[in-house]
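Subject: Handing over the two-chain structure

Hello,

Here is the structure I promised to pass on. Please open it alongside this email and keep both in view.

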Amino acid sequence: MSMSERKLTPDLFRPASVDTGKSEEISKPSLSFWQDAFRRLKKNKAAMLGLFAIVFIILFSLVAPTLSKYGMDDQELMRANLPPKIPGLEKIGFLGVNGVDIRGVDQYEMKNVPANQEFWFGTDPLGRDQWTRIWKGTQISLYIAFLAATIDLIVGVVYGGISAFYGGRTDDIMQRFVEILYGIPNLVVIILFIIILDPGILSITLALVITGWIGMSRIVRAQILSLKNREFVLASKTLGSSNGRLISKHLLPNTLGAIIITSTFTIPGAIFFEAFLSFIGLGIQPPTASLGALISDGFKSLRIYPHLAIYPASIMCVLMISFNLLGDGLRDALDPKMRR
Amino acid sequence: MLRYIAKRVFSMFLTLLIIATITFFLMKLLPGSPFNNQEKLTESQRFALNEKYGLNDPVPVQYINYLGKLAQGDLGYTFQYDGRTVNSMISNGIGPSATIGAEAILFGTLIGLILGIAAALKHNSVIDYGAMVVAVFGIAIPSFVFAGLLQYYVGVKLGWLPVAFWNGPEYHILPAFSLSVGVIATVARFMRTEMLEILGTDYILMARSKGISKNAVILKHCVRNSMIPIITILGPLSIGLITGTLVIENIFAIPGLGEQFVKSINLNDYPVIMGTTLFYSFLLITIILVVDILYGIIDPRIRVAGGKS
């Protein structure tokens with residue numbers, strides 16, 4: 001009621017000063033596209049978790065084999081099939097790392113393993129240290145991941161880029177070639193390589209080189225096809241830019257988001273492919289072992305020695321899930337329209 | 001449309017011809033002959049065997065003969081058993097493989113659709129998050145790990161279902177389910193996104209404002225329109241399933257095509273390797289072609305020829 005009693009007189013008002021210079025002022029620091037994308041990525045907890053897990057696994061796979069006294073293929077039948085034992089963590093029962101197997105027998109005591117010998121992930125039927133073998137196997141999976149990404153980036157981007165940029169006849173011929181390659185299942189390619197070259201890392205590498213980049217080349221082609229008719233490219237062309245400048249300054253930076261997203265999804269695919277081949281015995285050959293081969297060996301004695309399968313399988317799953325989560329996060333961060 | 005189909009079928013046969021040529025010459029380059037394992041053969045016996053299988057002819061003649069037979073659908077004889085054709089081996093193996101494949105894709109699509117629809121309708125709820133966690137795990141966890149775990153827990157520990165082999169309907173459940181996990185995950189994710197997008201469109205609002213009940217709108221408008229993109233992913237999914245059957249058949253000891261294929265590689269049984277390779281390629285290319293054509297028929301908005309990449 002006090003409000004209504006009070007009269008508002010014109011002399012209570014005065015014009016606000018308008019500073020035309022200030023209205024255009026930017027109060028926040030401007031973010032480039034990449035800073036903005038990174039900010040969005042950082043907000044995505046699942047993706048960051050995936051990123052940390054990947055970094056952790058990479059570092060560990062490099063460092064971990066040196067932490068163990070045992071090499072990849074140091075056999076000693078006297079210490080075969082030992083369950084995991086980690087000094088210091090033995091007292092914590094539920095971790096199951098006290099050297100006691102699933103029947104409750106302390107295998108280390110039974111087999112008279114010297115007190116200074118501990119196997120953090122146990123040993124396999126030939127007495128080889130699983131810790132070393134698993135982390136070396138992880139290295140192979142990561143090598144495949146790195147390889148797949150590199151092939152994607154080099155062959156896929158260049159092929160798709162050239163095909164779209166030059167268009168016309170070049171595009172026609174290059175796309176017919178891709179269609180033929182696309183029709184050949186990569187399983188068939190790898191099997192042909194295995195037949196000529198023997199199974200191993202080389203045949204897997206070659207098979208990936210031949211088939212791995214097709215998805216990427218198609219995506220880059222589609223992106224560049226739609227970009228090259230846009231006004232900003234025309235403007236740049238009118239100003240006399242060379243083809244090289246058009247590609248490196250305008251087309252590629254605008255495709256980079258799609259490229260990164262695609263390669264984060266190619267990577268888990270390639271890791272799976274290698275593990276799958278090793279699992280059916282067409283991949284990495286003994287004495288080297290990859291995660292897929294270790295899981296396959298472990299499943300043979302899953303009922304008696306579950307530790308042989310469980311550790312490599314968990315690392316495999318964590319790696320795959322992390323790459324998928326990071327891929328999802330990157331896609332949301334780099335291309336909010338494409339959210340799936 | 002007809003022209004497009006004709007063009008695609010032509011390029012399909014071209015691809016097959018290239019694959020056949022490559023496999024044929026690779027096999028010829030290989031060291032060793034399939035009879036070397038049987039060490040007790042005399043020179044004349046070996047010659048007679050080579051003569052029987054046409055291996056004494058010059059390579060170009062063998063190639064022409066091979067293509068001629070191929071055109072009639074004859075894939076030749078296996079070296080493993082006397083007098084058995086590759087065709088009969090493939091037709092023996094395809095039964096179990098196709099059965100689990102079909103079961104996996106039907107079951108997987110159905111469950112995936114339900115999960116995806118539920119997640120979209122209850123957007124940002126527990127159901128949504130739950131479904132998406134299932135989807136991420138389903139995509140990320142390799143089918144062989146999943147199959148091994150199922151075999152161990154359901155088959156061995158609980159003893160509910162048979163661990164392996166192929167003797168009746170209950171033997172289908174574990175392999176088909178482990179194969180379908182990837183399908184469930186992929187379909188669920190796609191369906192959720194599509195549904196969310198369509199739920200936000202104007203024609204859904206329009207349908208609701210005309211007084212059509214919520215259920216009818218969801219079933220007749222949302223779900224039907226969201227299903228269209230699902231068809232495109234069925235192609236890549238079936239390819240994944242074919243790769244998957246190789247492992248799953250190995251784990252569950254199912255006498256299918258995949259198991260035979262792996263075996264023939266280890267035995268240097270060229271005709272079976274070539275035949276199965278061609279058969280797989282034929283299958284894959286046909287699936288991709290059918291999916292592309294279906295897509296054009298179902299969704300007239302998309303012209304296949306210039307369609308999405």
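Below is what was found in it, chain by chain and then residue by residue.

A caution before the details. This is a predicted model. Please read every value below as computed from that model.

**Chain A**

Chain A has 340 residues, and 40% of them count as buried. Its secondary structure is 14 helices and zero strands. From the N terminus on, the elements run α-α-α-α-α-α-α-α-α-α-α-α-α-α. Look next at contacts between residues at least 6 apart in sequence. In chain A, 72% of these join residues at least 24 apart.

**Chain B**

Chain B has 309 residues, with 34% buried. It comes to 11 helices and, again, zero strands. Along the sequence the pattern is α-α-α-α-α-α-α-α-α-α-α. The C-alpha atoms fill a box of roughly 85 × 55 × 30 Å along the principal axes. Of the contacts in chain B between residues at least 6 apart in sequence, 73% join residues at least 24 apart.

**Domains of chain B**

How is chain B divided? Domain 1 takes in 1-85 + 269-309, and domain 2 takes in 94-255. The centres of the two domains of chain B, taken over C-alpha atoms, are 32 Å apart. Their contact takes 10 residues from domain 1 of chain B and eight residues from domain 2 of chain B. On the domain 1 side, nine residues are nonpolar, no residues are polar and one is charged.

**Helix α4 of chain B and its partners**

Helix α4 of chain B spans residues 86-121.

Start with α11(B). The axes of α4(B) and α11(B) come within 10 Å and cross at roughly 55°. That angle makes α4(B) oblique to α11(B). The crossing of α4(B) and α11(B) is right-handed. Which residues of α4(B) meet α11(B)? They are Val86(B), Met89(B) and Ile90(B). On the α11(B) side are Pro271(B), Val272(B), Gly275(B), Thr276(B) and Phe279(B). By class, this contact of α4(B) with α11(B) has six nonpolar, two polar and no charged residues.

Now α7(B). The axes of α4(B) and α7(B) are 6 Å apart, and the helices pack at an angle of about 35°. The crossing of α4(B) and α7(B) is right-handed. The contact of α4(B) with α7(B) has 22 nonpolar, six polar and two charged residues.

**Where the chains meet**

The contact between the chains takes 35 residues from chain B and 34 residues from chain A. Which helices of chain B each supply at least two residues to its side? They are α1 (2-29), α5 (126-140), α6 (143-157), α7 (173-199), α9 (214-251), α10 (257-266) and α11 (270-298). The largest share of the chain B side, eight residues, comes from α1(B). By class, the side of chain B that touches chain A has 24 nonpolar, 10 polar and one charged residues.

Is His250(A) buried, exposed or partly exposed? It is partly exposed, because 19 other C-beta atoms lie within 10 Å, and a buried residue needs 20 or more. Leaving aside neighbours within four places in sequence, His250(A) is in contact with Phe232(A), Val233(A) and Ser236(A). Leu227(A) is 23 residues away from His250(A) along the chain, and their C-alpha atoms are separated by 8.8 Å.

Where is Ala253(B) found? It sits in the loop between α9 and α10 of chain B. Ala253(B) has a positive phi of about 50°, although it is not a glycine. Ala253(B) is partly exposed, with 14 other C-beta atoms within 10 Å.

That is the handover. Over to you.

Best wishes

Note on methods
Residues numbered from 1 in each chain as written. Chains lettered and ligands numbered in written order. Predicted model: local features only at pLDDT ≥ 70, side-chain atom pairs only at ≥ 80, totals over all residues. Contact = placed C-beta atoms within 7 Å. Helix = DSSP H or I, 4+ residues; strand = E, 2+ residues; numbered from the N terminus. Nonpolar A, V, L, I, M, F, W, Y, C, P; charged D, E, K, R; others polar. Buried ≥ 20, exposed ≤ 12 C-beta atoms within 10 Å, placed from the backbone. Axes fitted to C-alpha atoms, helices over the stretch in contact; angles between N-to-C directions. Parallel < 35°, antiparallel > 145°, perpendicular 65-115°, else oblique. Left-handed = near helix turned anticlockwise from the far one by under 90°. Domains from an automatic or database assignment.
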